[in-house]
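We will walk through it one part at a time, starting with a pair of helices.

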Amino acid sequence: MNTMPQPHEFIDIGADVAGIREALARRRLVVIGGLALLLAALFTAAMVMGDYPVTLPEILTSLLSPFTGTTQKGIDFIVLGVRLPRALVAVAAGVAFGLSGVLFQDVLRNPLASPDIIGITIGSATAAVAAIIVLHWGGGWLASAALVGGLATAGLIYLLAWQQGVSPYRVVLVGIGIGAVMTAMMSYIFTRARLVEVQEAVTWLTGSLNGSQMKDAVQLGAEVIVLGLLLIPLSRAAGALELGDDTARALGSRVERARFLLLGVGVTLCALATAVTGPIAFVSLMAGPIARLLLGPSGGAIVPAALTGAAVTLCADLIAQHLFFSVQLPVGVVTGGIGALFLIAMLITANRTGRTS
Amino acid sequence: MTLLAFNPETARTPTHLSADKLHLGYRDRKIVHDLSVNIPPHRFTVIVGANACGKSTLLRGLARLLAPTEGTVLLDGKSIHQMPTGDVAQRMGLLPQTPVAPQSILVADLVGRGRYPHQGWFRRWTRDDDRIVGEALTLTGVGDLGGRALDELSGGQRQRVWIAMALAQETGLLLLDEPTTFLDIAHQVEVLDLLTDLTRHQGRTIVAVLHDLNLACRYADNLIAMKDGRIVAEGAPREIVTPDLVERVFGLTARIVTDPVSDTPMVVPLGRHHVAIAAE
């Protein structure tokens, strides 16, 4: 094995290579298919479960009513007015958080570097809290404040991390620092607030799907689809960035530009979703690693992470709504609980294998 | 046709790499000063020098990983910084000192990443890519490891996999930054033999930074000795390696004897102890 092959014994192993490549692609397809099925099952559960009993045929009739014109009093309101928008917002926000998380983790080559850990989400939250308490904003204005806050924080981190280009390591460190500053600012704003305002702000900060409306679902869904389409041409560059800056450059990837665009899409997705639902804790941290666990050696975690994000959010919302009978929790409480355990598990395994990046 | 037979047509049209009055540095720290060099095609060029002499910086500059503060790097007579980076990647490959791999990636997958510059929007993976990846694996002696995870391999195997990735890039010119560091002596010799095969049988041009002066003297067709960001001497080891050069470049008093195996210069350091004969 350690000897050089002589010219006459050279054999073409292209077929073996093809076999390995196809096996990897097959596993990836199985993972994507499985996640899609799981998501469909969770979505169905979200439509069926609730205090008001609705059967599957009734749901289908209701969903088709805009086309057929058949109306079912009460049921239409429950299905089209409450459960459908809520499930759709959960899926759209879950996809957005999952994508933003995996993009950050990929580009920064650090499984902990999701936007909720390195300060982007906290930037959105601080702006939203300021909007609620200082400016007394609500609704669309509040959402805009959260969006602008997230984007501005990301821009600030990027500028401060710049040093003849942006090194992933610096982005993470600067991000954590900025996050701490934002948290301090938020605490200060809280000390100046009246109790009612604090209550409103904390509710928003927990992340909730309560009161999701169809227009939120349509808007966020459209935004996620547009940004998702932008990722198609960028995913090739994401694959190169995984190999480190030097190798990626040597392979002809325009590293700085690719990193800027990928992080830009990630930040925008995170901020847009946060603006609608508030920060749903840890979904962006968990989606990528769970998807990778399922994928094993197969690469290309972007689509699986998007599906995982949606499944986690939907599942967490089902738990939040139905597990504790009469008490309805905001979805962020459930993802926060699961995510905290997940983060600890990740830190322990990362420590054990001694991985630094 | 076998891969190892030198075939200048299919393989590697000579790629000429040179630097013209190159200045390199990081922010205020200048590292390489006014350096001009011509890399001879189809040869194995080795860059040596003491720590922090600028040898890795020079390699990074030649590979366009570092933009020069002054001067240019020329690839076939054209400024490398003005060429589309994808075009450069089809002619010049680079293996960095500590390459990074995604967790649990398989060997065949990693080597396949070397096909990146040859693929694009509309150019999908083909049977040819599979064949080229297979060739790169066989050539580096890891043909049976394609389905294994990179993190399971030994250091020597891993290094050969990385070289295979650079080979799959199918470039006439290959730059390697300390490809033998972290390897034991047997694997060092193996990697250097492989690089020599690539120049002799495939007509590739290789430039490597090496730490071990004696291995450099044995394997280099062309040796570049650097000190303080400048080239002190350049040429065939037999012609340029003298006690005086070793003293100047490494600050080491040494005798030069002839390597009994390769008939190339061999540097024997004279320390303060264990010197049985009087220093000349």
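This is a predicted model. Begin in chain A, with helix α4(A), residues 120-133, and helix α6(A), residues 168-191. These two helices pack against each other at an angle of about 15°. Their axes lie 9 Å apart. Why give those two values? Because two packed helices are described by the angle between their axes and the distance between the axes. Angles under 35 degrees count as roughly parallel, so α4(A) is roughly parallel to α6(A). The crossing of α4(A) and α6(A) is left-handed.

Which residues make this contact? From α4(A) come A:I122, A:G123, A:A125, A:T126, A:V129, A:A130 and A:I133. From α6(A) come A:G179, A:M182, A:T183, A:M185, A:M186 and A:I189. Sort the residues of this contact by class and you get nine nonpolar, four polar and no charged.

Now step back to the whole of chain A. How many helices and strands does chain A have? There are 13 helices and zero strands. The C-alpha trace of chain A spans about 80 × 50 × 35 Å along its principal axes. Chain A has 357 residues, and a compact globule of that length would have a radius of gyration near 21 Å. Chain A has 22 Å, which agrees.

Chain B brings in strands. Four of them form an open sheet in the order β2-β1-β4-β5, with antiparallel pairing. In chain B, β2 (29-39) and β5 (78-79) stand at the edges. Each has a single partner strand, so one side of each is left without a neighbour in the sheet. Strand β4(B), residues 70-75, pairs with β5(B) in the antiparallel sense over two bridges. Here B:L75 stands opposite B:K78 of β5(B). A helix also packs on this sheet: α1(B), residues 55-62. Helix α1(B) touches β1, β2 and β4 of chain B. The direction of α1(B) makes about 120° with that of β1(B), residues 17-26.

Finally, see where the chains meet. In all, 45 residues of chain B are in contact with 33 residues of chain A. On the chain B side, the elements giving two or more residues are α2 (85-89), β6 (92-95), α3 (107-112), α4 (127-139) and α6 (185-202) of chain B. Which element gives the most? That is α4(B), with seven residues. By class, the side of chain B that touches chain A has 22 nonpolar, 13 polar and 10 charged residues.

Note on methods:
Residues are numbered from 1 along each chain as its sequence is written. Chains are lettered from A and ligands numbered from 1 in the order in which they are written. This is a predicted model: local features need pLDDT of at least 70, side-chain atom pairs count only at pLDDT 80 or more; totals for chains, interfaces and linings use all residues. Two strands pair if DSSP finds at least two bridges between them. Helices (H or I, at least four residues) and strands (E, at least two) are DSSP runs, numbered from the N terminus. Two residues are in contact if their C-beta atoms, placed from the backbone, lie within 7 Å. Axes are lines fitted to C-alpha atoms, for helices over the stretch in contact, and angles run from 0 to 180 degrees between N-to-C directions. Ala, Val, Leu, Ile, Met, Phe, Trp, Tyr, Cys and Pro count as nonpolar, Asp, Glu, Lys and Arg as charged, and the others, Gly among them, as polar. Angles under 35 degrees count as roughly parallel, over 145 as roughly antiparallel, 65 to 115 as roughly perpendicular and the rest as oblique. A crossing is left-handed if the near helix is turned anticlockwise from the far one by less than a right angle, and right-handed if clockwise. The radius of gyration is taken over C-alpha atoms; the globule rule is 2.2 Å times the number of residues to the power 0.38.
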